Amino acid sequence: MRIVRQYLLNEYLAPFGIALGFLTSVFLMGYLFQLAHWVINKGIDARSLLVMFVYYIPVLVGYTLPFAVLAGLFMAFHRLGHDNELIALRTAGVSPLKLMQPFLALGLLLSLLLLWLNTQIIPEAYHQQKIRQKNLGLSNPAALLEAGVFIKDFEGQILFIHRIEDNLLYDVTIYQPQPEGRPTRTIVARMGEFVPLPDKNQILIKLMDGASDEVDAANPNNFYKLDFKTMFITLTVNQNRPQTVNKKPKAMSLRELQDEIHHLESRLVDTTPLVTELHRKLAWSFSPIVFIWLGFPLAVTAHRRSRQTQIVWALAVGIGYYLASLAAEGLSLEKKAPVGWILWAPNLTAFVVGGWLNWSINRRR
Amino acid sequence: MRLTERYSLIQILTVFILTVAVFMVLFILIDAASNLDEFLENRVSWMVLGRYYLNYIPYVLTESACLAAVIAVMLVFSNMHQNFEIIALRASGLNFWQISRPALGFAVLIGAVVLWLNDRVVPQAMMHTRTIKEHHIKKTPSPKKQKDIIHNLTFYGLDNRLYFVDTYDPNTQQLEHITVIAFKTPSADQKEAAVIQEKITALSGQWTGIAWKFRNVRITQFVRDPTPRTVVRFYREKLMDIRETPQDFLKQRLDVRLMNFQELKDYIARFANSGATGAINSLKVDLYQKAALPLRTLGLVLFCLPFAMSGTVRRAASFINLGLALLAGFLYYGCEAIALAFGKGGLLPPLVAVMTAPVIFLGAAGVVIAQRFE
């Protein structure tokens, strides 16, 4: 039995790995364009971007791992069924339940892995990604300067620069919208030179050979005009400081969620979103073993059909489970069902249905 | 169509549809899971959600179609190879090109469909998605059944003019606090990008049906010959020589990424005389990239096919070939991303930047085909 167990797991691991890599990579590929542009054209540190890229992976794996478990199961059993190896095993007296054991063990292992990811890694990755995304412009404010586009990333200013060469700007137009319906101030300069001040999230620009004018709101026939040889202007990046980014429930680890729930409960504040998120993290973590419990009898009986039919089965199971989970999350957030505990309903339903299916196939001898 | 071609094409199509369906489910699932609390908080109806995701589908299709086509072709042909069908076809006298015709035709078709979708459907669909998200999901306040008032409208218009408008009300076609700066088209030997020719500021503007009428207008002309001087004129009211209509003003809000081929081409033409070569290069890269999209699918399929149709027949061949398709996809996208970044940065001419990845992969495909089949 050990040989059979090893053999089955080997047959499963390759399609599972390919499915996981494939599904995760599809989402990562679109990211590559943005990363290359930021590194090559914006001068943003490649290491920071690589870290951001790496943080994105666990967030994706949290969604793609359960689908990969299902896909691997169906692909492996299609191959085994196609080569009549399943029939040979059953003829030799190996029951479907015995065949399922190594997969259940693997499912449990993957569920524990996903539990660790969902409760520790993914929240931190999610949070770090948000911080780094906000920081992207701040670590190198000069990266926000781009020729030929209207730049609205600075507080109280809209810039248009015709040409940028190194740190020199040519034909700069700066619009400064004024409050209380007053007319906009316009600054135009033939040339400019900028110095980034990343510590202060600012850029200092020395404008040369230009003019600033503004219409007198009280008397539109009058306007104020200032011609200058040089003028210094400070551009402040239009961002909140990243350290003040509040953690959403999705970005909280299990311990943080529990602590926050206790803290809020003591102040009689509604903790529904936090409790829902806590149960969601836990319930979704067991989706691999649930998929194996439910998917195995389907894969074993579906092997005679075409691969396409199997993919449809896998999709149907996956979509059904996730739709049910989303619905349960919605019911919990709306308090139309026991808050938090309702999120275990899809797992329970899948367990019951899977149990019935497994009993059916084991009954047939 | 030959029987064998129909046979492989049906299989390719089936796998392709299923693969795209998987991607769509995942995309929608991830988006729904991320935004669920917003949907519930703002009591978004099923109809609105349905419209939102329906408009999302064309974008997902264009993003996933290329890889799905490669996967489909690889799976089908590697299966055929495993079942010795490829050998049978070759033994019957068919060469590589004849056997792979359905796959290549499929790749070209998918490329054409993606091109059409990306040009005609996706820009509008993404605009609808944004609107639905802003007004029905995030519930940003806006008057019902009316167009939004636009604040800080900025765009590069015809005749080398920069427009800044504090507010534009599309319902009344009224502008508030307008600033227009006109640049003189630089000659070829001029080093500077542009010279300011005229500046127009006005407190308000109204579309009369045939022209814009500005009120409290100040026109400042920057004369250089014979001596540099500034000439300022005031008008209580003036009909302006502005060719943009209210519809053009509305269109200017478009993100360059949401423009279709013709809109982007027109935008570049408007910009062409500005002298802002860096920006024009970047836009040209975007423009050529839109036209070169079909080459991505063809390049990847042609590169991966020889591997699926040759080599030792192994049990795990399908998975190995899937892995190869994935690796090839990553390499292609990486190569394309770097080349496009170089193009936008001015390190490569726009056309060269766009064609780098297809040429490399089509060239490599030629080499592999020659080695394995000829």
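**Core, chain B and one helix**

The largest nonpolar core has 141 residues, and A:Phe77, A:Phe296, B:Phe16, B:Phe77 and B:Leu305 have the most contacts inside it. H2(B) gives the most to this core, 20 residues. A nonpolar core here is a set of buried Ala, Val, Leu, Ile, Met, Phe, Trp, Tyr and Cys residues joined through side-chain atoms within 4.5 Å. Buried means under 20% relative accessible area, exposed over 50%, partly exposed in between, with a 1.4 Å probe and protein chains only.

This is a predicted model: local features need pLDDT of at least 70, side-chain atom pairs count only at pLDDT 80 or more, and totals for chains, interfaces and linings use all residues. Residues are numbered from 1 along each chain as its sequence is written, chains are lettered from A and ligands numbered from 1 in the order written, and side-chain values use heavy atoms, without hydrogens and water.

Now chain B. Its secondary structure comes to nine helices and six strands, taken as DSSP runs (helices H or I, at least four residues; strands E, at least two) numbered from the N terminus. Of its 374 residues, 51% count as buried.

One of its residues, B:Ser78, sits in helix H2, residues 46–82. B:Ser78 is buried, at a relative accessible area of 1%. Leaving out residues up to four places away in sequence, B:Ser78 touches B:Ala308, B:Ser318 and B:Asn321, contact being heavy atoms within 4.5 Å.

Last, chain A. The buried residues of H9(A) include A:Pro346, A:Gly354 and A:Leu357.
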